[in-house]
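User: I am new to this structure. Please show me how to read its features one by one.

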Amino acid sequence: MALSSFRLSGALALFVLAGHSLLVYAQPSGSGNTPSAAQPTSPPPPPEAPSPNHPPLSKAYPPPDIFCPGALLQTVDLAQLYSDSKTFVDKPTVFSPNTTLADFARIGGANATIGNLEAYVEQDFSGEGLELVPVQLENFTSTPGFLQGVRTRLSTNTSALCDGLHCASSLIPLNNTFVIPGGRFREQYYWDSFWILEGLLQSELYYVARSTLENFMDELERFGFIPNGGRIYYLNRSQPPLFVHMVYTYLQTTNDSSILTRALPLAEVELAWWQTNRSTTVLSPNTNTTHTVYQYRVTNSAPRPESYLEDYQTANANAAGLQAPLSPEEAEELYAELASGAETGWDYSSRWCKQPFLGNLSENDPALRTLDVRGVVPVDLNSMLPNAHWMLARMYDAARQENDGNVDVDGSGSGRKKWEHERKGDDLREAVLDLMWDEERVAFYDWNLTAGERGTVFSSAHYYPFWNNIIPPSLLGNATRLRQAFGSLNLMLDMYNGSVPVTFLNTGLQWDFPNATSMYLLWVDIILRALQNLPGNLTFLPLLTDSTPELENAFALLPANQTGLSSPSLLPLQPGTNISLSTKVNVNAGQGWLALGLGTNGTSGWKDALMLEVAQRYIDAAFCSWYSTGGSIPGSLAQLSPQDLSVTGSTPQSTGVMFEKFNATDLDAAGGGGEYTVQAGLG
């Protein structure tokens, strides 16, 4: 199949959906709104809009004393009844909130013994995730067009929500079907849903895709923003703003313009919330221009409920390497930084730390104490927002055409909204290019507010501007420099035989080397879209590898200082290899698209070679992780031996999983680090 006709990102977005069951939530029976999947057509017809006669959302939230920071939550978490703090706050109560709190007081409250506390939780709380009950999608299409005969089974869930009066749950009640990532993530998440939506649309589950958007619109109407996730303890923060991207993708796929009547005004609410609550101004030392830019910046003064013990220990010196507890004022500042880091979706990374190498690979609390998320203007956030404005402008234009081109959907003059959002997008693009693009290093970096300059950490955030159609003008006329802008990606694929890492810094943090992130699919999709957006007339040059004669070593693939590391000796190594200034290192010699020389024969260039290699690495990692953890296909692929399975802690009873985060140095291995154990099948 020709690359130009292969929808790589869409197909890959579905890979996770095709390989795993979906956990989907809907209102309890009796709402008269049973979800069903649309029948496949080409092009698909607009899906039936969800019924406007939804039951009202429950407003009887449990008292904050149960699931938010307070004596009950702190007592349970500091007793370490569970290895994961999120377990307790995801448990619905058995009794009413008042009874639950009275029972806690009866056993002594904060002075309860461990035994009494264990018995109390066992008696007064149900199992985590029991708000969801399995059902089946009606009229489910098991063979959507893109699969061409590949069969899989998807499952859904319906809600068994507490009403907030007779029992209480931290789950935010929603009116429509939604997909949860799985594992410990038992609720809808904001930015995860962008890639889930891609898979739903490719799977021709148009109704579930529409329902996902309807839920977000309900939240925008109710809260004025989209929370990080579908639990009440997430109501003080959001996540990367991709709602407009989702609506635009849905509209492009389904041509269902009926969604615009509700979506356009609520997209305005979303963007206004970011403007009001997350914007700041920066005077550029480069052009003397004052730019409005955006940050992740959460107001918070207590440990996050879902990570209460971890946050408390970071502030209170209960971990190795911390000399003394922070003062109450310092602790509150740290809690705000930890919550802000969670809002980024990159929790946590060397991008956000003043001293990322404090501590060691297994103990990151010292580094986390140096978090400065609120002192950073992130390049990824400020690249997504201009594209959101441009997409919204195009959707206003589509709505005007539906309305005979006379007025905008809000009744204003013809084209005013379109023009406003085009201008806002253009202004923010100029800010990104002025503040975050580095001509010498040929890469994008975060802007550091404290230092008043660009940061030094190279990360996969570099690809976000290209994904969102922000390409520096200096690259558009120079094929060689455009290739250099992707030199670090070239190097990663050349030096390491696993997935694409987030950074080159091996700190032990979840969003650093060797991790290929939670939701590795995210990087595959973003990098492929970034490459797809590059002009074909400038990507004809051959791919450079460290086998290219004129290159001294693999590090010479890059412009000076692009990685932020001064020499090859500082790069993390592929296990079993060595590197020096005089040594060529290509661990993938003779393997993959890079080594096959695609792009050197004059028929295609470096862009196509990198796209194919990135896609292949994802497919390899997904397959190898599944196979190495017990996957098999009766009659076609035998399971590995018990001895081989033991390497991944699997047994002959294991059936294979895909990891939430992969490893840059080993296709068979999961990533590591972070606040919780690696999850299976996230995303």
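**Strands, cores and a pocket**

Analyst: In strand β6, V293 is the bridge partner of T280. Helices (H or I, at least four residues) and strands (E, at least two) are DSSP runs, numbered from the N terminus. This is a predicted model, where local features need pLDDT of at least 70 and side-chain atom pairs count only at pLDDT 80 or more, while totals for chains, interfaces and linings use all residues. Residues are numbered from 1 along each chain as its sequence is written, and side-chain values use heavy atoms, leaving out hydrogens and water.

User: How many bridges join β5 to β6?

Analyst: Two strands pair if DSSP finds at least two bridges between them. Here β5 (residues 279-283) and β6 (residues 290-294) are joined by five bridges and run antiparallel. Six residues lie between the strands of this hairpin, and N288 takes a positive phi near 60°.

User: What is the order of the open sheet of three strands?

Analyst: The order is β7-β10-β11, and the pairing is antiparallel. The edge strands, β7 (376-377) and β11 (453-454), each pair on one side only. Two bridges join β7 to β10 (residues 447-448). V376 of the sheet stands opposite N448 in β10.

User: How many helices and strands are in the protein?

Analyst: The protein has 23 helices and 14 strands.

User: What share of the residues counts as buried?

Analyst: Buried means under 20% relative accessible area, exposed over 50%, partly exposed in between (1.4 Å probe, protein chains only). Of the 683 residues, 58% count as buried.

User: Which residues have the most contacts inside the largest nonpolar core?

Analyst: A nonpolar core is a set of buried Ala, Val, Leu, Ile, Met, Phe, Trp, Tyr and Cys residues joined through side-chain atoms within 4.5 Å. The largest has 136 residues, and F243, Y464, F486 and L489 have the most contacts inside it. Helix α14 (residues 379-402) gives the largest share of this core, 11 residues. Another core, of 26 residues, lies apart from it and includes F67 and F104.

User: Which residues does L489 touch?

Analyst: Contact means heavy atoms within 4.5 Å. Not counting residues up to four places away in sequence, L489 touches Y463, V500, I527, L531, L610 and V614.

User: Which residues are closest to the centre of the second largest pocket?

Analyst: Rolling a probe the size of a water molecule over the atoms shows where empty space is left. On a 1 Å grid over the protein atoms alone, a pocket is an open set of points where a 1.4 Å probe fits, with protein on both sides within 12 Å along at least five of seven lines; lining residues have an atom within 4 Å of a point. The second largest pocket has a volume of about 450 Å³. Of its 24 lining residues, S350, R351, C353, T456 and V457 are the closest to its centre.

Notes. Points joined across faces, edges and corners; volume = space filled by probe spheres on them.
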